[in-house]
Amino acid sequence: MIDLAGAAGNYCGKMFAELGADVILVEPKQGSELRHMPPFVDGEPEQSLPFFANNTSKRSIVLDIETEAARGVLRKLLKTAALLIESERPGRLVELGLGYEDLQRVNPALVVTSITPFGQTGPYAAYPASDLTCQALGGFMSLSGYADGPPVQPGGDQAYAAGNMFAAVASLLAVTHAELTGKGQHVDVSIQECVAMALENAVQFYDLEGTVRRRWGGQQKTTAYGVFECADGYVFLQAAGFGETRHWQNLLAWLKHEEIEGVDRLEGPAWEDRDYFNTDEAKQTLASVVTPFFRSRGKQDLYHEAQRWRVPFAPVNSPREVVESPQLKARDFWAETPGLGRDRVKVPGAPYKLSDTPWSLAGPAPELGADTAEILHELGVSSDEVAELTRQGLA
């Protein structure tokens with residue numbers, strides 16, 4: 001499997017690599033664009049965390065595909081490959097003689113997955129774009145941020161993550177089809193379209209109710225639905241906003257058991273009206289009752305008590321608390337590998353477990369071109385030819 005992608009597509013290749021595929025990362029002489037993206041470990045520009053996170057378990061070969069000699073090597077790699085993942089601007093590989101139709105003549109069973117901001121067609125196809133652009137044009141940012149402020153970009157390159165995940169699923173389907181029929185296909189992934197999927201039911205809200213969904217950050221969406229401060233951070237309460245009321249009644253029972261002052265203010269005919277739950281009066285009344293209680297207790301204590309009372313509730317965990325989560329530890333979610341100048345680096349595992357073909361971390365992200373000679377030898381290129389390619393700056 002060949003990974004010719006950059007920041008927009010490297011994670012897709014990583015998912016295949018850690019399910020057992022031999023994924024070869026093809027990089028230019030200066031390295032993948034992701035190698036140069038911060039944050040950097042200890043401020044060292046050679047130690048990019050985004051690159052490391054998205055490229056574990058791969059091998060790296062340096063090929064300057066601007067040259068015909070390097071393109072010839074790439075064609076040899078693709079002759080026996082099942083999948084090529086790329087994120088070049090639409091038409092770029094065609095210009096280099098590496099378009100889908102060209103590669104079909106090299107390997108009819110090859111699947112080519114193109115991950116681009118807007119797909120291969122349409123008036124925006126040739127536009128350059130970042131993760132931020134895709135989030136904005138996909139509509140996702142309109143729902144992210146504080147209610148009284150501008151849209152905010154969620155962290156972690158969420159648009160690229162969505163594009164990579166949809167690309168991986170589509171690629172699996174296409175590779176399976178190729179294995180059954182011997183015929184590959186071109187998988188055209190638009191990151192904007194993947195982001196639009198994150199709008200969930202926003203379109204249906206408008207279509208059915210004429211309601212335009214908006215940002216709720218920092219506010220309760222409805223009574224007993226939102227983030228509240230506690231003794232050691234924040235918790236999320238979701239005891240209302242459903243089509244039935246048992247969670248609300250469970251919350252009242254819990255508060256009464258704790259003998260919380262003012263709990264009687266949460267009862268009466270008004271609280272039987274679903275529309276009342278959306279009013280500022282109801283939200284403020286609920287907050288005045290539960291906030292002192294939550295501020296007196298820690299998030300884990302509150303979480304387990306809420307479970308006992310069958311109230312939908314969750315602690316807002318910090319990154320450190322996620323790493324230390326007993327649930328994730330019990331499922332062996334975290335993996336360790338050397339890299340980034342350290343003997344051990346803890347990295348996320350896979351959020352799934354396959355009984356017969358388990359996920360496995362094969363190793364750290366590769367050093368630039370670390371496997372070039374090995375891969376060329378596997379293609380039958382002699383040591384003298386490898387030396388000549390290196391001398392010419394092609395590999």
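Me: What makes the backbone oxygen of Gly369 and the side chain of Thr372 a polar contact?

Reply: In this predicted model, the backbone oxygen of Gly369 lies 3.1 Å from a polar atom of the side chain of Thr372, and because a polar contact is a pair of N or O atoms within 3.5 Å, one able to donate a hydrogen and the other to accept it, the pair is counted as one.

Me: Which backbone nitrogen lies 3.0 Å from a polar atom of the side chain of Thr372?

Reply: That nitrogen belongs to Val62, a residue of strand S3, which spans residues 59–62, while Thr372 itself lies in helix H15, residues 372–378.

Me: Why is Thr372 called buried?

Reply: Thr372 has a relative accessibility of 8%, and since buried means under 20%, the residue counts as buried.

Me: How do you know that S2 and S3 pair, and in which sense do they run?

Reply: Four bridges join strand S2 to strand S3, and the two run parallel; because pairing asks for at least two bridges, they count as paired. Within this pairing, Leu25 stands opposite Ser60 in S3. The chain passes from S2 through helix H2, residues 49–55, to S3, in a β-α-β crossover that is right-handed.

Me: What makes S1 and S2 a pair?

Reply: Strand S1, residues 2–4, and S2 are joined in the parallel sense over two bridges, and as at least two are required, they therefore pair. Ile2 stands opposite Ile24 in S2, and S1, helix H1 and S2 together make a right-handed β-α-β unit.

Me: Which residues show that both faces of S2 are covered?

Reply: Ile24 and Val26 on one side, and Leu25 and Glu27 on the other, are all buried.

Methods. Residues numbered from 1 in each chain as written. Predicted model: local features only at pLDDT ≥ 70, side-chain atom pairs only at ≥ 80, totals over all residues. Heavy atoms only, no water. Buried < 20%, exposed > 50% of the residue type's maximum accessible area, 1.4 Å probe, protein only. Right-handed = clockwise from strand over helix to strand, strands pointing away.
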